[in-house]
Amino acid sequence: MKTIEQINEKILKGEAVVLTAEEVVSLAKQEGVKEVAKKVDVVTTATFAPMCSSGAFVNFGHTKPPMRMERIEIEGVEVYGGLAAVDGYIGATQESKQDKTFGGAHIIELLIRGENLKLNAEGKGTDCYPRKQFEGYINKQTINDFFMFNPRNAYQNYSAATNSSDRTIYTYMGKLLPRFGNVTYSTSGELSPLLKDPKMLTIGLGTKIFLCGAEGYVVWPGTQFRNDVKVNEHGIPISPARTLVVIGDAKRMNPRYLRAAYFKNYGVTLFVGIGVPIPVLNEEIAHFVSKSNEEITTEVRDYGKPGRPVLRLVSYAELKSGWIEIDGKKVKTSSISSVAMAREIADVLRKWIVEGRFLLTKPVKLFNEDRSVKTLEEIKEAERFKIQEPTCVNCGMCVGVCMYDALKMVNDALKFEEDACVRCGLCSDVCPVGVKLPPL
Ligand code: SF4
Ligand code: SF4
(Lines give C-alpha, C1' and ligand atoms only; values in the text may rest on other atoms or scores of the structure.)
(Ligands and ions follow the chains in the order given, each with its own letter.)
Protein backbone atom coordinates (compact mmCIF):
# COMPACT_ATOMS: atom_id res chain seq x y z
CA MET A 1 0.00 0.00 0.00
CA LYS A 2 1.21 3.49 -0.88
CA THR A 3 -0.33 6.89 -0.42
CA ILE A 4 -0.44 9.81 -2.79
CA GLU A 5 1.59 11.82 -0.27
CA GLN A 6 4.35 9.16 -0.32
CA ILE A 7 4.34 9.12 -4.10
CA ASN A 8 4.59 12.92 -4.22
CA GLU A 9 7.59 12.78 -1.86
CA LYS A 10 9.26 10.34 -4.23
CA ILE A 11 8.44 12.60 -7.19
CA LEU A 12 10.06 15.58 -5.44
CA LYS A 13 13.17 13.50 -4.65
CA GLY A 14 13.35 12.33 -8.25
CA GLU A 15 12.79 8.73 -7.15
CA ALA A 16 9.29 8.00 -8.45
CA VAL A 17 8.89 5.21 -10.97
CA VAL A 18 6.55 6.52 -13.63
CA LEU A 19 5.54 4.42 -16.63
CA THR A 20 3.12 5.07 -19.43
CA ALA A 21 0.09 2.78 -19.64
CA GLU A 22 1.67 0.89 -22.53
CA GLU A 23 4.96 0.44 -20.65
CA VAL A 24 3.17 -0.92 -17.60
CA VAL A 25 1.31 -3.47 -19.76
CA SER A 26 4.70 -4.77 -20.99
CA LEU A 27 6.09 -4.88 -17.46
CA ALA A 28 3.05 -6.79 -16.22
CA LYS A 29 3.37 -9.30 -19.06
CA GLN A 30 7.00 -9.91 -18.13
CA GLU A 31 6.94 -9.74 -14.35
CA GLY A 32 3.31 -9.91 -13.24
CA VAL A 33 0.93 -7.63 -11.40
CA LYS A 34 2.57 -8.06 -7.97
CA GLU A 35 5.80 -6.61 -9.33
CA VAL A 36 3.88 -3.73 -10.90
CA ALA A 37 2.36 -2.98 -7.51
CA LYS A 38 5.81 -3.08 -5.89
CA LYS A 39 7.84 -1.23 -8.50
CA VAL A 40 5.57 1.34 -10.12
CA ASP A 41 4.37 4.55 -8.49
CA VAL A 42 2.43 6.24 -11.27
CA VAL A 43 1.00 5.18 -14.62
CA THR A 44 0.25 7.86 -17.18
CA THR A 45 -2.81 7.31 -19.34
CA ALA A 46 -4.10 9.40 -22.20
CA THR A 47 -6.63 9.90 -24.94
CA PHE A 48 -6.87 12.17 -27.97
CA ALA A 49 -10.33 11.79 -29.42
CA PRO A 50 -13.30 13.77 -30.71
CA MET A 51 -15.22 14.94 -27.66
CA CYS A 52 -18.31 16.84 -28.78
CA SER A 53 -19.40 17.83 -25.30
CA SER A 54 -16.66 20.41 -24.88
CA GLY A 55 -16.47 24.17 -24.82
CA ALA A 56 -14.95 27.21 -23.23
CA PHE A 57 -16.06 30.16 -21.14
CA VAL A 58 -14.82 33.59 -22.15
CA ASN A 59 -14.97 36.94 -20.44
CA PHE A 60 -14.46 39.52 -23.15
CA GLY A 61 -13.88 42.50 -20.85
CA HIS A 62 -16.19 45.48 -20.60
CA THR A 63 -16.75 47.76 -23.55
CA LYS A 64 -16.67 51.53 -23.28
CA PRO A 65 -19.43 52.45 -22.56
CA PRO A 66 -20.40 49.13 -21.03
CA MET A 67 -22.91 46.76 -22.59
CA ARG A 68 -24.75 43.62 -21.61
CA MET A 69 -23.98 41.27 -24.48
CA GLU A 70 -27.06 39.20 -25.31
CA ARG A 71 -26.45 37.98 -28.84
CA ILE A 72 -22.80 37.16 -29.41
CA GLU A 73 -20.98 35.78 -32.42
CA ILE A 74 -17.32 35.10 -33.03
CA GLU A 75 -16.51 34.71 -36.74
CA GLY A 76 -20.18 33.97 -37.37
CA VAL A 77 -20.40 31.27 -34.68
CA GLU A 78 -22.99 31.87 -31.99
CA VAL A 79 -21.59 32.12 -28.48
CA TYR A 80 -24.03 31.54 -25.63
CA GLY A 81 -24.59 34.92 -24.00
CA GLY A 82 -27.18 34.21 -21.36
CA LEU A 83 -24.63 34.79 -18.65
CA ALA A 84 -24.35 38.60 -18.54
CA ALA A 85 -22.72 40.94 -19.11
CA VAL A 86 -19.62 40.04 -21.12
CA ASP A 87 -19.32 36.34 -20.33
CA GLY A 88 -20.00 33.80 -23.04
CA TYR A 89 -19.76 30.06 -23.59
CA ILE A 90 -18.37 28.74 -26.85
CA GLY A 91 -19.86 25.31 -27.45
CA ALA A 92 -17.57 23.10 -29.50
CA THR A 93 -20.34 21.79 -31.78
CA GLN A 94 -22.00 25.15 -32.49
CA GLU A 95 -21.89 25.62 -36.24
CA SER A 96 -21.31 28.83 -38.17
CA LYS A 97 -24.40 30.08 -39.99
CA GLN A 98 -22.36 30.54 -43.16
CA ASP A 99 -20.25 27.39 -43.14
CA LYS A 100 -21.43 24.17 -41.50
CA THR A 101 -17.89 22.78 -41.50
CA PHE A 102 -16.69 25.57 -39.19
CA GLY A 103 -17.82 26.06 -35.62
CA GLY A 104 -17.14 26.52 -31.96
CA ALA A 105 -14.32 23.98 -31.93
CA HIS A 106 -12.50 26.05 -34.57
CA ILE A 107 -13.05 29.23 -32.55
CA ILE A 108 -11.56 27.58 -29.45
CA GLU A 109 -8.59 26.25 -31.39
CA LEU A 110 -7.96 29.58 -33.15
CA LEU A 111 -8.12 31.50 -29.88
CA ILE A 112 -5.65 29.07 -28.30
CA ARG A 113 -3.40 29.57 -31.34
CA GLY A 114 -3.42 33.31 -30.58
CA GLU A 115 -5.34 34.37 -33.71
CA ASN A 116 -7.37 37.58 -34.01
CA LEU A 117 -11.07 36.81 -34.35
CA LYS A 118 -14.03 39.05 -35.15
CA LEU A 119 -16.46 39.55 -32.28
CA ASN A 120 -19.97 40.88 -32.91
CA ALA A 121 -22.27 41.50 -29.99
CA GLU A 122 -25.67 43.09 -29.47
CA GLY A 123 -27.59 44.04 -26.38
CA LYS A 124 -30.83 45.88 -25.71
CA GLY A 125 -29.13 48.74 -23.89
CA THR A 126 -29.98 49.59 -20.31
CA ASP A 127 -29.31 52.53 -18.03
CA CYS A 128 -26.27 50.72 -16.58
CA TYR A 129 -25.24 49.02 -19.84
CA PRO A 130 -26.15 51.64 -22.47
CA ARG A 131 -24.14 50.25 -25.38
CA LYS A 132 -26.17 48.23 -27.87
CA GLN A 133 -23.65 46.97 -30.36
CA PHE A 134 -19.99 45.99 -30.57
CA GLU A 135 -17.87 44.93 -33.49
CA GLY A 136 -14.14 44.37 -33.23
CA TYR A 137 -11.30 41.89 -33.03
CA ILE A 138 -10.30 39.88 -29.99
CA ASN A 139 -7.52 37.43 -29.25
CA LYS A 140 -6.48 35.51 -26.16
CA GLN A 141 -4.40 38.44 -24.91
CA THR A 142 -7.26 40.96 -25.14
CA ILE A 143 -9.83 38.85 -23.31
CA ASN A 144 -9.86 38.49 -19.54
CA ASP A 145 -10.68 34.87 -18.98
CA PHE A 146 -10.68 31.89 -21.29
CA PHE A 147 -11.09 28.53 -19.70
CA MET A 148 -12.12 25.20 -21.12
CA PHE A 149 -15.04 23.56 -19.38
CA ASN A 150 -16.07 20.26 -20.92
CA PRO A 151 -19.21 18.59 -19.56
CA ARG A 152 -18.52 15.10 -20.97
CA ASN A 153 -15.02 13.95 -21.83
CA ALA A 154 -12.88 10.81 -21.70
CA TYR A 155 -15.75 8.34 -22.11
CA GLN A 156 -15.01 5.04 -20.41
CA ASN A 157 -15.20 2.72 -23.37
CA TYR A 158 -17.17 3.34 -26.51
CA SER A 159 -18.96 0.93 -28.78
CA ALA A 160 -17.41 0.20 -32.15
CA ALA A 161 -19.69 1.02 -35.09
CA THR A 162 -20.60 -0.74 -38.30
CA ASN A 163 -23.47 -0.62 -40.78
CA SER A 164 -25.53 -3.52 -42.12
CA SER A 165 -27.82 -1.36 -44.25
CA ASP A 166 -27.60 -0.90 -48.00
CA ARG A 167 -26.53 2.72 -47.88
CA THR A 168 -23.53 4.64 -46.62
CA ILE A 169 -24.31 6.44 -43.38
CA TYR A 170 -22.52 9.37 -41.82
CA THR A 171 -22.29 9.40 -38.04
CA TYR A 172 -20.23 10.75 -35.16
CA MET A 173 -18.33 7.48 -35.59
CA GLY A 174 -17.43 8.58 -39.12
CA LYS A 175 -18.46 7.26 -42.52
CA LEU A 176 -19.90 3.76 -42.27
CA LEU A 177 -19.96 1.89 -45.55
CA PRO A 178 -22.95 -0.31 -46.48
CA ARG A 179 -23.22 -4.05 -45.88
CA PHE A 180 -20.60 -4.16 -43.13
CA GLY A 181 -18.09 -2.30 -45.27
CA ASN A 182 -16.08 -1.12 -42.29
CA VAL A 183 -15.93 -0.76 -38.51
CA THR A 184 -14.86 2.36 -36.65
CA TYR A 185 -13.97 2.56 -32.99
CA SER A 186 -12.90 5.18 -30.50
CA THR A 187 -10.88 5.22 -27.24
CA SER A 188 -7.18 4.56 -27.01
CA GLY A 189 -7.68 1.07 -25.51
CA GLU A 190 -4.98 0.20 -23.02
CA LEU A 191 -3.86 3.85 -22.92
CA SER A 192 -7.31 5.21 -22.12
CA PRO A 193 -7.64 6.83 -18.65
CA LEU A 194 -10.95 5.41 -17.48
CA LEU A 195 -10.21 1.96 -18.89
CA LYS A 196 -7.09 1.80 -16.71
CA ASP A 197 -8.95 2.85 -13.57
CA PRO A 198 -12.31 1.32 -14.43
CA LYS A 199 -13.82 1.63 -10.95
CA MET A 200 -12.44 5.16 -10.60
CA LEU A 201 -10.60 4.26 -7.43
CA THR A 202 -8.12 7.11 -7.88
CA ILE A 203 -9.82 9.61 -10.21
CA GLY A 204 -12.31 12.02 -8.65
CA LEU A 205 -13.11 15.61 -7.83
CA GLY A 206 -9.86 17.55 -7.86
CA THR A 207 -7.70 15.07 -9.76
CA LYS A 208 -5.06 17.08 -11.59
CA ILE A 209 -4.72 16.11 -15.24
CA PHE A 210 -3.05 17.06 -18.51
CA LEU A 211 -5.66 18.98 -20.50
CA CYS A 212 -4.68 20.06 -24.01
CA GLY A 213 -1.09 20.71 -22.96
CA ALA A 214 -1.90 22.58 -19.76
CA GLU A 215 -2.76 21.66 -16.22
CA GLY A 216 -6.43 20.81 -15.81
CA TYR A 217 -8.70 19.26 -13.23
CA VAL A 218 -11.50 16.74 -12.99
CA VAL A 219 -14.39 18.61 -11.40
CA TRP A 220 -17.44 16.35 -11.56
CA PRO A 221 -18.79 13.13 -13.03
CA GLY A 222 -19.42 13.92 -16.68
CA THR A 223 -22.88 13.97 -18.18
CA GLN A 224 -24.23 10.51 -19.03
CA PHE A 225 -21.94 9.02 -16.37
CA ARG A 226 -23.19 5.55 -15.55
CA ASN A 227 -21.73 2.71 -13.55
CA ASP A 228 -24.57 0.21 -13.92
CA VAL A 229 -23.06 -1.43 -17.01
CA LYS A 230 -21.81 -4.94 -17.66
CA VAL A 231 -18.13 -5.57 -17.07
CA ASN A 232 -16.00 -8.27 -18.66
CA GLU A 233 -14.10 -10.98 -16.78
CA HIS A 234 -11.37 -8.45 -15.96
CA GLY A 235 -13.80 -6.00 -14.37
CA ILE A 236 -13.73 -3.53 -17.27
CA PRO A 237 -17.00 -2.07 -18.64
CA ILE A 238 -17.82 -3.34 -22.12
CA SER A 239 -19.96 -0.35 -23.13
CA PRO A 240 -19.96 3.44 -22.62
CA ALA A 241 -19.96 4.07 -18.87
CA ARG A 242 -18.21 6.72 -16.80
CA THR A 243 -17.27 10.20 -18.09
CA LEU A 244 -15.55 13.30 -16.71
CA VAL A 245 -16.21 17.02 -16.45
CA VAL A 246 -12.86 18.73 -16.90
CA ILE A 247 -11.66 22.30 -16.59
CA GLY A 248 -8.43 24.07 -17.49
CA ASP A 249 -6.95 27.43 -18.42
CA ALA A 250 -7.26 27.62 -22.20
CA LYS A 251 -4.80 30.53 -22.36
CA ARG A 252 -2.06 28.10 -21.31
CA MET A 253 -3.06 25.29 -23.65
CA ASN A 254 -0.91 24.07 -26.48
CA PRO A 255 -2.72 23.89 -29.85
CA ARG A 256 -0.86 20.67 -30.59
CA TYR A 257 -3.06 18.90 -28.08
CA LEU A 258 -6.49 19.83 -29.41
CA ARG A 259 -7.92 19.99 -32.90
CA ALA A 260 -11.16 21.25 -34.39
CA ALA A 261 -12.79 18.74 -36.69
CA TYR A 262 -15.77 18.26 -38.99
CA PHE A 263 -17.44 14.91 -39.55
CA LYS A 264 -19.24 14.97 -42.88
CA ASN A 265 -23.03 15.14 -42.56
CA TYR A 266 -22.71 15.03 -38.79
CA GLY A 267 -21.07 18.25 -37.71
CA VAL A 268 -18.29 20.03 -35.93
CA THR A 269 -16.46 18.53 -32.98
CA LEU A 270 -13.25 18.94 -31.04
CA PHE A 271 -10.39 16.51 -30.55
CA VAL A 272 -9.36 16.92 -26.92
CA GLY A 273 -6.07 15.67 -25.49
CA ILE A 274 -6.36 14.40 -21.93
CA GLY A 275 -3.73 12.70 -19.80
CA VAL A 276 -4.52 11.28 -16.38
CA PRO A 277 -1.92 10.03 -13.90
CA ILE A 278 -2.97 6.95 -12.00
CA PRO A 279 -1.17 6.37 -8.70
CA VAL A 280 -0.48 2.68 -8.14
CA LEU A 281 -1.62 2.64 -4.52
CA ASN A 282 -2.27 -1.09 -4.19
CA GLU A 283 -2.52 -4.40 -6.03
CA GLU A 284 -6.08 -3.83 -7.19
CA ILE A 285 -5.01 -0.68 -9.02
CA ALA A 286 -1.91 -2.48 -10.31
CA HIS A 287 -4.23 -5.18 -11.69
CA PHE A 288 -6.29 -2.66 -13.64
CA VAL A 289 -3.43 -0.55 -15.00
CA SER A 290 -1.81 -3.75 -16.27
CA LYS A 291 -4.75 -4.74 -18.47
CA SER A 292 -3.85 -4.94 -22.13
CA ASN A 293 -5.69 -4.44 -25.40
CA GLU A 294 -6.31 -8.20 -25.43
CA GLU A 295 -8.19 -7.91 -22.13
CA ILE A 296 -10.16 -4.73 -22.80
CA THR A 297 -13.31 -5.40 -24.80
CA THR A 298 -16.12 -3.43 -26.36
CA GLU A 299 -19.36 -4.05 -28.20
CA VAL A 300 -19.74 -3.73 -31.95
CA ARG A 301 -23.05 -2.06 -32.77
CA ASP A 302 -24.97 -1.96 -36.01
CA TYR A 303 -25.68 1.71 -36.76
CA GLY A 304 -27.65 0.63 -39.83
CA LYS A 305 -30.53 -0.70 -37.71
CA PRO A 306 -32.87 1.07 -35.27
CA GLY A 307 -31.70 0.67 -31.70
CA ARG A 308 -28.18 -0.12 -32.92
CA PRO A 309 -28.19 -3.80 -31.87
CA VAL A 310 -25.01 -5.33 -30.51
CA LEU A 311 -23.44 -7.72 -33.01
CA ARG A 312 -20.56 -9.04 -30.98
CA LEU A 313 -17.90 -8.30 -28.42
CA VAL A 314 -14.36 -7.55 -29.57
CA SER A 315 -11.08 -6.82 -27.87
CA TYR A 316 -9.10 -3.69 -28.66
CA ALA A 317 -6.31 -5.97 -29.82
CA GLU A 318 -8.64 -7.35 -32.50
CA LEU A 319 -9.84 -3.86 -33.46
CA LYS A 320 -6.25 -2.63 -33.68
CA SER A 321 -5.26 -5.58 -35.88
CA GLY A 322 -7.08 -3.87 -38.75
CA TRP A 323 -9.76 -6.54 -39.28
CA ILE A 324 -12.51 -8.23 -37.36
CA GLU A 325 -15.00 -10.83 -38.36
CA ILE A 326 -18.72 -10.10 -38.57
CA ASP A 327 -21.14 -12.80 -39.76
CA GLY A 328 -18.22 -14.72 -41.24
CA LYS A 329 -17.04 -11.67 -43.18
CA LYS A 330 -13.66 -10.04 -42.63
CA VAL A 331 -14.37 -6.35 -42.03
CA LYS A 332 -11.80 -3.57 -42.03
CA THR A 333 -11.45 -1.58 -38.79
CA SER A 334 -10.14 1.91 -38.14
CA SER A 335 -9.91 4.18 -35.14
CA ILE A 336 -11.39 7.66 -34.96
CA SER A 337 -9.16 8.65 -32.04
CA SER A 338 -5.41 9.06 -32.35
CA VAL A 339 -3.39 6.48 -30.46
CA ALA A 340 -0.21 8.21 -31.61
CA MET A 341 -1.26 11.45 -29.93
CA ALA A 342 -2.47 9.59 -26.83
CA ARG A 343 0.93 7.89 -26.64
CA GLU A 344 2.66 11.28 -26.92
CA ILE A 345 0.46 12.80 -24.20
CA ALA A 346 1.09 9.86 -21.85
CA ASP A 347 4.81 10.36 -22.44
CA VAL A 348 4.72 14.14 -21.93
CA LEU A 349 2.80 13.67 -18.68
CA ARG A 350 5.31 11.02 -17.61
CA LYS A 351 8.14 13.52 -18.18
CA TRP A 352 6.34 16.28 -16.27
CA ILE A 353 6.01 13.95 -13.28
CA VAL A 354 9.57 12.58 -13.49
CA GLU A 355 10.94 16.13 -13.65
CA GLY A 356 8.96 17.06 -10.53
CA ARG A 357 6.82 19.59 -12.42
CA PHE A 358 3.55 17.78 -11.83
CA LEU A 359 2.51 16.40 -8.46
CA LEU A 360 -0.51 14.19 -7.97
CA THR A 361 -3.60 15.42 -6.18
CA LYS A 362 -5.78 13.38 -3.89
CA PRO A 363 -9.42 13.64 -4.95
CA VAL A 364 -11.62 15.33 -2.38
CA LYS A 365 -14.50 13.11 -3.55
CA LEU A 366 -14.69 9.90 -5.54
CA PHE A 367 -17.54 9.38 -7.96
CA ASN A 368 -18.74 6.07 -6.60
CA GLU A 369 -22.47 6.68 -6.12
CA ASP A 370 -24.68 4.47 -8.29
CA ARG A 371 -25.66 6.28 -11.45
CA SER A 372 -27.64 5.28 -14.49
CA VAL A 373 -28.66 7.12 -17.64
CA LYS A 374 -32.24 7.94 -18.58
CA THR A 375 -33.62 8.24 -22.08
CA LEU A 376 -35.80 11.24 -22.82
CA GLU A 377 -39.40 10.05 -22.85
CA GLU A 378 -41.87 11.94 -25.01
CA ILE A 379 -44.26 13.05 -22.28
CA LYS A 380 -47.06 14.86 -24.11
CA GLU A 381 -49.25 15.65 -21.14
CA ALA A 382 -48.23 16.52 -17.62
CA GLU A 383 -49.43 18.55 -14.73
CA ARG A 384 -48.22 22.09 -15.42
CA PHE A 385 -46.38 24.11 -12.84
CA LYS A 386 -48.30 26.81 -10.99
CA ILE A 387 -46.89 30.26 -10.54
CA GLN A 388 -46.24 30.54 -6.84
CA GLU A 389 -47.03 33.72 -4.99
CA PRO A 390 -43.55 35.22 -4.56
CA THR A 391 -42.21 35.34 -1.05
CA CYS A 392 -39.73 37.82 0.36
CA VAL A 393 -36.06 36.75 0.43
CA ASN A 394 -35.10 39.68 2.68
CA CYS A 395 -32.69 41.21 0.20
CA GLY A 396 -33.50 44.73 1.35
CA MET A 397 -33.76 46.43 -2.02
CA CYS A 398 -37.14 47.95 -1.28
CA VAL A 399 -35.92 49.53 1.96
CA GLY A 400 -33.72 52.05 0.18
CA VAL A 401 -36.53 53.58 -1.83
CA CYS A 402 -39.00 54.04 1.01
CA MET A 403 -38.61 57.60 2.26
CA TYR A 404 -41.08 57.08 5.09
CA ASP A 405 -39.38 54.20 6.92
CA ALA A 406 -42.37 51.97 6.32
CA LEU A 407 -40.00 49.34 4.96
CA LYS A 408 -37.10 48.56 7.31
CA MET A 409 -34.60 45.83 7.92
CA VAL A 410 -34.76 44.60 11.50
CA ASN A 411 -32.21 41.91 12.31
CA ASP A 412 -31.65 41.44 8.56
CA ALA A 413 -35.34 40.71 7.95
CA LEU A 414 -37.83 42.99 6.22
CA LYS A 415 -40.33 44.68 8.48
CA PHE A 416 -43.28 46.61 7.11
CA GLU A 417 -44.90 49.25 9.23
CA GLU A 418 -48.24 49.79 7.67
CA ASP A 419 -49.05 52.89 9.68
CA ALA A 420 -45.99 54.67 8.30
CA CYS A 421 -46.85 53.90 4.66
CA VAL A 422 -48.24 56.82 2.68
CA ARG A 423 -48.93 54.68 -0.45
CA CYS A 424 -46.51 56.77 -2.48
CA GLY A 425 -45.84 53.75 -4.76
CA LEU A 426 -42.06 54.24 -4.96
CA CYS A 427 -41.46 50.64 -3.90
CA SER A 428 -43.96 49.12 -6.32
CA ASP A 429 -41.45 48.14 -9.03
CA VAL A 430 -38.27 47.35 -7.13
CA CYS A 431 -38.77 43.86 -5.76
CA PRO A 432 -36.58 41.58 -7.91
CA VAL A 433 -38.46 38.42 -6.94
CA GLY A 434 -41.87 39.92 -7.59
CA VAL A 435 -43.31 40.53 -4.12
CA LYS A 436 -46.24 42.89 -4.40
CA LEU A 437 -45.27 46.18 -2.73
CA PRO A 438 -46.28 47.88 -0.58
CA PRO A 439 -47.25 44.66 1.18
CA LEU A 440 -50.78 45.77 1.99
S1 SF4 B 1 -45.69 52.81 -0.82
FE2 SF4 B 1 -45.38 52.75 1.39
S3 SF4 B 1 -43.85 51.21 1.71
FE4 SF4 B 1 -43.76 51.75 -0.47
S5 SF4 B 1 -42.22 53.33 -0.61
FE6 SF4 B 1 -44.15 54.36 -0.35
S7 SF4 B 1 -44.35 54.65 1.86
FE8 SF4 B 1 -42.74 53.13 1.56
S1 SF4 C 1 -39.95 42.57 -0.54
FE2 SF4 C 1 -38.64 42.10 -2.25
S3 SF4 C 1 -37.23 43.82 -2.34
FE4 SF4 C 1 -38.16 43.89 -0.32
S5 SF4 C 1 -36.75 42.72 0.96
FE6 SF4 C 1 -38.33 41.31 0.26
S7 SF4 C 1 -37.44 40.37 -1.55
FE8 SF4 C 1 -36.24 42.19 -1.17
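Predicted model: local features only at pLDDT ≥ 70, side-chain atom pairs only at ≥ 80, totals over all residues.
The residues around ligand 2 are Cys-392, Val-393, Asn-394, Cys-395, Gly-396, Met-397, Cys-398, Leu-414, Cys-431, Pro-432, Val-433 and Val-435. Colour this shell by class: 10 of its residues are nonpolar and two are polar, while charged residues are absent.

Next, select residues 339-354, which form helix α8. This helix has 16 residues, and the distance from its first C-alpha to its last is 22 Å, close to the 22 Å expected at 1.5 Å a residue. Which residues of α8 are buried? They are Val-339, Met-341, Ala-342, Ile-345, Ala-346, Val-348, Leu-349, Arg-350, Trp-352 and Ile-353. When inspecting such a pattern, recall that an α-helix has 3.6 residues a turn, so residues three or four places apart point the same way. Just after α8, select Gly-356, whose phi is positive, at about 75 degrees.

Why does Tyr-404 count as partly exposed? Its relative accessibility is 44%, and the partly exposed class lies between under 20% for buried and over 50% for exposed.

Finally, display the whole protein. There are eight helices and 26 strands, and the C-alpha trace spans about 90 × 60 × 50 Å along its principal axes. Of the 440 residues, 50% count as buried.

Terms used:
Residues numbered from 1 in each chain as written. Chains lettered and ligands numbered in written order. Heavy atoms only, no water. Near = heavy atom within 4 Å. Nonpolar A, V, L, I, M, F, W, Y, C, P; charged D, E, K, R; others polar. Helix = DSSP H or I, 4+ residues; strand = E, 2+ residues; numbered from the N terminus. Expected span 1.5 Å × (residues − 1). Buried < 20%, exposed > 50% of the residue type's maximum accessible area, 1.4 Å probe, protein only.
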